[in-house]
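Subject: Handover of a structure

Dear colleague,

Please find below the structure that I am passing on to you.

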Amino acid sequence: MTSLHTRRVRNRRVGVAVAAAGLLTTLLAAGPASATPDPGDLTPGSGGQQSANSVLGGEPAPGDIPGQDEIVHSRNIKHLANIPSTDPTNINSDLAFQGRYAYAGSYSGFTIYDIARPNAPKTVSQVLCPGGQNDVSVLGDLLFLSTDSSRSDDSCTSVSQPATEKSSWEGIKIFDIKDKKNPKYIKSVETACGSHTHTLVPGDKDIYLYVASYSPNEAFPDCQPPHDGISVVKVPKKEPTKAAVVAFPVLFPDGGNPGGPTNPGVSKTTGCHDITVLPSKKLAAGACMGDGILFDISRPEQPRVIDRVQDNVNFAFWHSATFNEKADKVVFTDELGGGGGATCNEATGPNRGADGVYDITGRGDQRKLVFRSYFKIPRHQADTENCVAHNGSLVPVGDGRDIMVQAWYQGGVSVWEFTDSTRPREIAYFERGPLTTDRLGVGGSWSAYYYNGHVYSNDIAKGLDVLRIDDWRTDSAKWVWMDRLNVQSQPAYH
């Protein structure tokens, strides 16, 4: 595969720490790609809290680099607000939205924010319920939380326990959030290998959750190989406490990508990392470690694979997926380095740790995923900054144009267009300078999503950021108003 997006417009001139260089050597030595787990076992890098009032504004000249914790952004983005993290050792994760509220997951639990005034968001409540990575989704009065951390039990007072212990618990937790100030934990569902992420599939009477997890081990009683599919959890809307696993569809009957040494540096497929469903089209796209898949979800309990692709040259770990509005493209992300590596640099290049843009061709069961290009932020980051493609969402501009906002850890938040799938390009950005300049730090935007006229970013170390895009190319999205948004349950915006 050949990239058509290779121009890099900015160099970074930060001293490279010995530790960072050592990690990069480890990451890159395996071959064209390498993958490590998500940064759940890492501690966010040190660095002072930065508020919206500290924005220096303006766009640095090509070749310049932000100072430590310095905020920089393109002229068409404004930083409106920041709610700092209350625990600097905690890792903030995914986001969901409903009405005037944003729900932010973290490895300690979740936080509910009132975002009725985006320039002055307020914390409504915080729920302590440790268990990485606590990805979150909401529907009605229910909130779903993913636990992919071996725990002593299913309570919110559990402690870490080895996965080799049969009594250990991982899976889905369900909360009643009717009272936003006092959410109530009402149900748990244990799932094989835990729940790294989950995707909500809404139905008339029932809600389905597609639970993605991976990395089985013969020594783990509740995570046995082969783990070549996903858990399907059925939640009756009227009786959510009867939620249960109802199926485990096998997506890779041949075992999926074998990884190394057959494909050096590529993750072996032992499950999926993330799945995005498009209910209006009864389609889903799965990012499954060494494979990308397109599947039919007409029968939610029996998803059926239509097409499957691999990139054994530049993709290390298929991490997430996003459809465009017409459902004739899919953007897959490659989380090279697992989120803990410094891969947005000249040494790594523009095609690794990037997005892969695929067209969907054909109809029905003859649909195929066809590679068109790579996209990576055109701003080199310091070798002390963890940076790679991560979670994002469409900016619902309509009119046949495709624009996406995306998190890149310490690479910040990028707004980019892929209307021409062969020539993607960045049109706006926001980022902070490195957390640390003497060693590799872990921080930056985990998730950046567009919701009702604003961009919300959950920064691992810095907390919730609110941004506004002022650009003619995205103005039409301001007219799209939604009552909820679970990004992995992608809505029909228009």
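**Disulfides**

Counting the bonded cysteines along the chain, the disulfides follow the pattern 1-2, 3-4, 5-6, 7-8. Please note that the model is a predicted one. There are four disulfides in total, and three of them are set out here.

Cys129 is joined to Cys156, with an S to S distance of 2.0 Å. The torsion about this S-S bond is about -80°, so the disulfide is left-handed. Cys129 sits in the loop between strand S6 (122-128) and strand S7 (133-139), while Cys156 sits in the loop between strand S8 (142-151) and strand S9 (169-176), so the pair ties together parts that are 27 residues apart in sequence. Cys129 counts as buried, at 0% relative accessibility.

Cys272 is bonded to Cys288 at an S to S distance of 2.1 Å. Here the torsion about the S-S bond is about 75°, so the disulfide is right-handed. Cys272 belongs to the loop between strand S14 (244-247) and strand S15 (274-278), and Cys288 belongs to strand S16 (residues 283-288), so the pair ties together parts that are 16 residues apart in sequence. Cys272 and Cys288 are both buried.

Cys344 and Cys387 form a disulfide with an S to S distance of 2.1 Å. The link of Cys344 and Cys387 is left-handed, with -75° about the S-S bond. It connects distant parts of the chain, 43 residues apart: Cys344 is in the loop between strand S20 (329-334) and strand S21 (355-361), and Cys387 is in the loop between strand S22 (368-375) and strand S23 (392-394). Both Cys344 and Cys387 are buried.

**The chain as a whole**

The chain contains one helix and 30 strands. Of its 494 residues, 63% are buried. The accessible surface comes to about 18,000 Å², and carbon and sulfur atoms account for 49% of this area. Among contacts between residues at least 6 apart in sequence, 62% join residues at least 24 apart.

**Nonpolar cores**

The largest nonpolar core comprises 31 residues, and Phe97 and Tyr456 have the most contacts inside it. Two or more residues of this core come from each of S2, strand S3 (92-98), strand S4 (101-106), strand S27 (445-451) and strand S29 (463-469). The most is given by S2, with three residues. Setting aside neighbours within four places in sequence, Phe97 is in contact with Ala102, Tyr103, Ile115, Val138, Tyr449, Tyr451, Tyr456, Arg484 and Leu485. A second core, separate and of 20 residues, includes Ala287, Trp318, Ala354 and Tyr358.

The search of the whole structure finds 23 salt bridges. In one of these, Lys462 pairs with Asp69, and the closest N and O atoms are 3.2 Å apart. Lys462 is in the loop between strand S28 (454-459) and S29, whereas Asp69 is in the loop between helix H1 (18-29) and strand S1 (71-73), so the pair ties together parts that are 393 residues apart in sequence. Lys462 and Asp69 are both buried.

Lys462 also takes part in a contact with Asn82, whose side chain reaches the backbone oxygen of Lys462 at 3.1 Å. Asn82 lies in strand S2 (residues 77-83) and is buried, with a relative accessible area of 12%. The side chains of Asn82 and Asp465 are joined by a polar contact of 2.9 Å.

A further salt bridge brings together the side chains of Lys329 and Asp402, at 2.6 Å from N to O. This pair links distant parts of the chain, 73 residues apart, with Lys329 in strand S20 and Asp402 in the loop between S23 and S24. Both residues, Lys329 and Asp402, are buried.

Glu417 and Arg425 also meet through their side chains in a salt bridge, at 3.8 Å from N to O. Glu417 is buried, with a relative accessible area of 11%, whereas Arg425 is partly exposed at 42%.

**The loop at Gly400**

Gly400 is in the loop between S23 and strand S24 (403-407). Its relative accessible area is 37%, so Gly400 counts as partly exposed. Not counting residues up to four places away in sequence, Gly400 touches Lys326 and Thr419. Gly400 and Thr419 are 19 residues apart in sequence, and their C-alpha atoms are 7.5 Å apart in space.

With kind regards

Conventions: Residues are numbered from 1 along each chain as its sequence is written. This is a predicted model: local features need pLDDT of at least 70, side-chain atom pairs count only at pLDDT 80 or more; totals for chains, interfaces and linings use all residues. Side-chain values use heavy atoms; hydrogens and water are left out. Helices (H or I, at least four residues) and strands (E, at least two) are DSSP runs, numbered from the N terminus. Buried means under 20% relative accessible area, exposed over 50%, partly exposed in between (1.4 Å probe, protein chains only). A polar contact is a pair of N or O atoms within 3.5 Å; within protein, one must be able to donate a hydrogen and the other to accept it, and residues adjacent in sequence count only if both atoms are side-chain atoms. Contact means heavy atoms within 4.5 Å. Accessible areas come from the Shrake-Rupley method with a 1.4 Å probe; for residues, only the protein chains shown count as cover. A disulfide is a pair of cysteine sulfur atoms within 2.5 Å. A nonpolar core is a set of buried Ala, Val, Leu, Ile, Met, Phe, Trp, Tyr and Cys residues joined through side-chain atoms within 4.5 Å. A salt bridge is a side-chain nitrogen of Lys or Arg within 4 Å of a carboxyl oxygen of Asp or Glu.
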